[in-house]
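Subject: Handover of a structure

Dear colleague,

Please find the structure below, together with its sequence. My notes on what was found in it follow directly after.

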Amino acid sequence: MDLTVLYRGPLASCDYACPYCPFAKRRDTTDQLRADRAALERFTGWARSRTGEDRLSLLFTPWGEGLVRSWYRRALVELSHQPHVDRVAIQTNLSCRTDWLAEADPATLALWCTYHPGQTPYDRFLSKVRDLAERGIRHSVGIVGLPENLEHARRLRAALPSHVYLWVNAADGHTYTDAEADTWTALDPLFPYSRHPHRSAGLPCRTGESVISVDGDGTVRRCHFVRAELGNLYDGTYRSALGPRPCPLTTCDCHIGYVHLETLPLYDVFAGGVLERVPAARTPLLPEALLWQRPVPRPGPAGGP
Ligand code: SF4
Ligand code: SF4
């Protein structure tokens, strides 16, 4: 079957110190890192073993930053070469080096990159993003829609290659006036989807049927937000629990959740790039302002653009 899996292991440390994040500058102990590595390697082994059984789309959504750890980079490279893996992606602050990406299959690997002004020099972040484009690595770039981030976002949008989508996440606990929302929508035409939490109670959502969330122990839930367990990945008990079911929560406030709501058109808007948040180049549902989107250029045979 076609299965989308969001994986979040025990890793909870980050090299950045964003003021809006509980994982800022948290450190994992050596034992915690060892456990995270073992859990990820177990998950990677499971994903490899599904060859001939499932077609997989995988998104790593660590609490902290994964790509500064060798085992996440290795897992992404390995999985990108598996014929039954259609996509493997990770959410990252892009603080890591990028040379390891040369070993990955750019047709399968993708990055969801977040720019955190104040945590990294603008020029360093921009040169990393340009490097991704030159390598033909699919990616989106985003920023939290805080007032103090507005000028950073404008500068970044103006500098990014035209085929790179800049998303803006509504800041937690922040209410936007219509004028403020218009300002952000001028940068991200899809900002209206992020502006308010989505009412989801009783609505059909693909999670629990074709999309699951897995933690380091292999516990399977429908999504990161609903705590009820569907079974375990490694003993296969989750499998019989898969099926259509309505959302039990009042609202869904996070892109990695509501993108799967069947009542929203986001599988069409992001066709081919749901996990890494890259919109389709052209769809009838796309606002006019997004028509500048072009497919990411692939490197030529000599590795150049
Ligand atoms: S980069 Fe991400 S995980 Fe790290 S502190 Fe900032 S928001 Fe938190
Ligand atoms: S709508 Fe959101 S909270 Fe509800 S089941 Fe889907 S992903 Fe989970």
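Predicted model: local features only at pLDDT ≥ 70, side-chain atom pairs only at ≥ 80, totals over all residues.

Two residues are taken to be in contact if their C-beta atoms, placed from the backbone, lie within 7 Å. In that sense alanine 47 touches Leu56, Leu58, Leu79 and Val85, leaving aside residues up to four places away in sequence. Alanine 47 belongs to helix α1, residues 30–49. Since a residue counts as buried once 20 or more other C-beta atoms lie within 10 Å of its own, alanine 47, with 24 such atoms, is buried.

The mean pLDDT of the protein is 91, and 92% of its residues reach 70 or more. Residues 288–305 call for caution: pLDDT stays under 50 there, and the model has 29 contacts beyond four places in sequence for this stretch.

The sheet

Nine strands make up an open sheet with mixed pairing, and their order is β6-β5-β4-β3-β2-β1-β9-β10-β11. The edges are held by β6 (166–169) and β11 (229–232); each has a single partner strand, so one side of each lacks a neighbour in the sheet. On average, neighbouring strands of this sheet are turned by 25° against each other, direction ignored.

On one side, β9 pairs with strand β1 (residues 2–8) in the parallel sense over five bridges, and leucine 6 has serine 213 of β9 as its bridge partner. Strand β10 (residues 219–221) also pairs with β9, here in the antiparallel sense and over two bridges. β9 and β10 form a hairpin with three residues between them, and glycine 218 in the turn has a positive phi of about 90°.

Elsewhere in the sheet, strand β3 (residues 85–92) and strand β4 (residues 109–114) are paired in the parallel sense over five bridges. Within this pair, glutamine 91 stands opposite tryptophan 112 in β4.

The loop between β3 and β4 contains leucine 94, whose phi is near 60°, a positive value in a residue other than glycine. Leucine 94 counts as buried because it has 23 C-beta neighbours inside 10 Å. Arginine 277, in the segment after α8 (266–269), has a positive phi near 70° and is likewise not a glycine. It is buried, with 25 other C-beta atoms within 10 Å.

The ligands

Which residues surround ligand 1? Its shell consists of Cys14, Tyr16, Ala17, Cys18, Cys21, Phe23, Ala24, Gly64, Glu65, Asn93 and His116. By class, these divide into seven nonpolar, three polar and one charged.

Ligand 2 is surrounded by 14 residues, the closest being Cys205, Cys223, Cys247, Cys252 and Gly257. The shell around ligand 2 has nine nonpolar, four polar and one charged residues.

With kind regards

Terms used
Residues numbered from 1 in each chain as written. Chains lettered and ligands numbered in written order. Pairing = 2+ DSSP bridges. Helix = DSSP H or I, 4+ residues; strand = E, 2+ residues; numbered from the N terminus. Axes fitted to C-alpha atoms, helices over the stretch in contact; angles between N-to-C directions. Near = placed C-beta within 6 Å. Nonpolar A, V, L, I, M, F, W, Y, C, P; charged D, E, K, R; others polar. Buried ≥ 20, exposed ≤ 12 C-beta atoms within 10 Å, placed from the backbone. pLDDT = per-residue confidence, 0-100.
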